[in-house]
Amino acid sequence: MSAERTRSILRAAAALIVVAACYEAIARSGIFPRALLPTLPTVADTLVQLVADGTMLRHAAYTLYRMLFGFALAVVVGLPLGILMGRFRSVENFFMPLASALMPIPSLAWVPVFILWFGLGNTVSILIVFYAAMFPMLLNAWSGVRSVNQLWLRAAGAMGADENALFWKVILPGASPFIITGLRQAFLRSWIAVVGAEMIAASDWGLGWVIYDAKEFLNADVMLASLAVIGLIGFAFERLVFGSIERATVLRWGMVRAAKG
Amino acid sequence: MYLKESETFSCGIATSGIILEIGRVECAGEWDVMDQVADAHVPVMPGTSVVHAKDARWRVIARNVFPFLVVGALWEAVAHLGVFPPRLFPPLEVVGAALVRLTASGILPHHAAETLLRLAAGFALAAAAGVAIGIAMGRSRRAEDIILPLVSIGAPIPGVAYAPLFMLWFGLGNVSAVLLVGFVSAFPIIFNTWTGVKAVKEIWVRSAQVMGADNRRLFRHVILPGSLPYILTGLRLGLAQAWRILVVVELLAAVPWGLGWLIFGAREFLNTDVMLAGIAVIGIIGLALEKLVFQRLENYTVVRWGMMVS
């Protein structure tokens, strides 16, 4: 097992090195203009420079602010609403048709309308993130509550749990795998939405904006550097934040199995 | 609650990142879960079974229409009260009129057709490449080791972020739009195909081998059907992703026709009614793709083969 694992890692490293070498060779060969296909050292250099002088951090801070704001809004609205929809038929009957009509519309299609309504700037990005993150949150909370084992509800009821205890001790933990999936999906969607919204609606800061702006000046190195930062942040959130939330809650409660290997 | 076998599995795997995130999206997948459940609780009240089926159907329709009436009325009230300039917040009849006008003059269908064509081209590219790569990764350890790190690096970056880069490399217009849509929607397809091939029960593969199936037959009769529920999930997610990104790409890549372009172009002239009409069409097409294309495909294949409960 261990030997196999080492071999996997070696192969992965080899694959990355080969791809990087190919890229480097093409970039250096001069088939494509240097401005369009910068060499990897150039990109790394740009990245270090942008991080060192603080601009990249500031872009990232703006983007994170917009994203987290919209995401938090979506959680604050979507989670309770989804739970209510799962618990009460009348709430479900009212909101479900609306949600299913709005869901197939990509959030970014609203950007121009929102720009007209709210002007350029933070509000648009935040609302777009909210729109994008809202539906996965809502639907997962809803189906999580609905999928709580009936037997558990009855057993808890028979053991004399009141509505309050039932909610906190049975329904919420029971729905938690879905809720965490919802948080993850919502996060992923907001990450996409914020970058897209910034390209169109942001005025001077933000990772999406910097990529789009760099295109105007043919700064492919800046673009690639920002792409790397975007990927890194997304990856870090997914792995560190959601991975540890999951370990601390549903995995420990035995609600889901851990991946094999 | 309805959970297909495959989904319970994919709900079960919980750690190790993106793959599962993408695999599990289906867990509380969007449209399908909803109407399965909606179907499931069409009233089966034991005492009142005398209610005519027709009556019940009308009630379902009325129930679904009611929220739209409420929201529509609110919208109308706000629009007519003049809180916002009517130019920015047009009443619904104006939006409807714009929709009819644009459809009648053939402008809207042209935009929609171009968008769909681009979607089809990009998605076909993604489906072909994604399924092939995913199967290779699932079947061969070596391919998995080599490709997985590359794909895992590319996947967490939002598709839109690649857009300027693609435009720089492939120029404005259709080529970069189609390539970008294909590139972005390939990721969920790759991950799901890969998971699906790996999730084919070992015992099926072994028994087929014992019964003397060669590699080709093994693939055709065991692995392909066995992983198809996942592959379809991947295709569905890929299409949803393609659809989501196409609208933005159309704006950024400056293509001459397309629904995305229609919306963004209308902004310049403050034609909010045209923008809202365009958004409505986008919503309708998105819903139709899901309902008509994928549910039917699923019924024809995995449901009929008994791989999945309808």
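A word on bookkeeping: residues are numbered from 1 along each chain as its sequence is written, with chains lettered from A and ligands numbered from 1 in the order in which they are written. This is a predicted model, where local features need pLDDT of at least 70, side-chain atom pairs count only at pLDDT 80 or more, and totals for chains, interfaces and linings use all residues.

Let's start with chain A, which is assigned domain 1 (1-31) and domain 2 (38-251); such bounds come from an automatic or database domain assignment. Between the C-alpha centres of these two domains of chain A there are 33 Å.

Helices here are DSSP runs (H or I, at least four residues), numbered from the N terminus. Which residues of H2(A) are buried? They are A:Val43, A:Thr46 and A:Leu50, where buried means 20 or more other C-beta atoms (placed from the backbone) within 10 Å of the residue's own, and exposed means 12 or fewer. Seen down the axis of H2(A), the buried residues fall within an arc of 65°, so they line one face of the helix; the arc is that of the directions from the helix axis to the C-beta atoms. An α-helix has 3.6 residues a turn, so residues three or four places apart point the same way. On the other side of H2(A), you'll find A:Pro41, A:Val48 and A:Ala52 exposed. After H2(A) comes A:Gly54, with a positive phi near 85°.

Now for A:Ala202, in the loop between helix H8 (163-201) and helix H9 (207-216) of chain A. Why does A:Ala202 count as buried? Because 26 other C-beta atoms lie within 10 Å. Leaving out residues up to four places away in sequence, A:Ala202 touches A:Ser125, A:Gly208 and A:Trp209; touching means C-beta atoms, placed from the backbone, within 7 Å.

Finally, the contact between the chains takes 67 residues from chain A and 63 residues from chain B. On the side of chain A that touches chain B, 45 residues are nonpolar, 14 polar and eight charged. Here Ala, Val, Leu, Ile, Met, Phe, Trp, Tyr, Cys and Pro count as nonpolar, Asp, Glu, Lys and Arg as charged, and the others, Gly among them, as polar.

Terms used:
Helix = DSSP H or I, 4+ residues; strand = E, 2+ residues; numbered from the N terminus. Contact = placed C-beta atoms within 7 Å.
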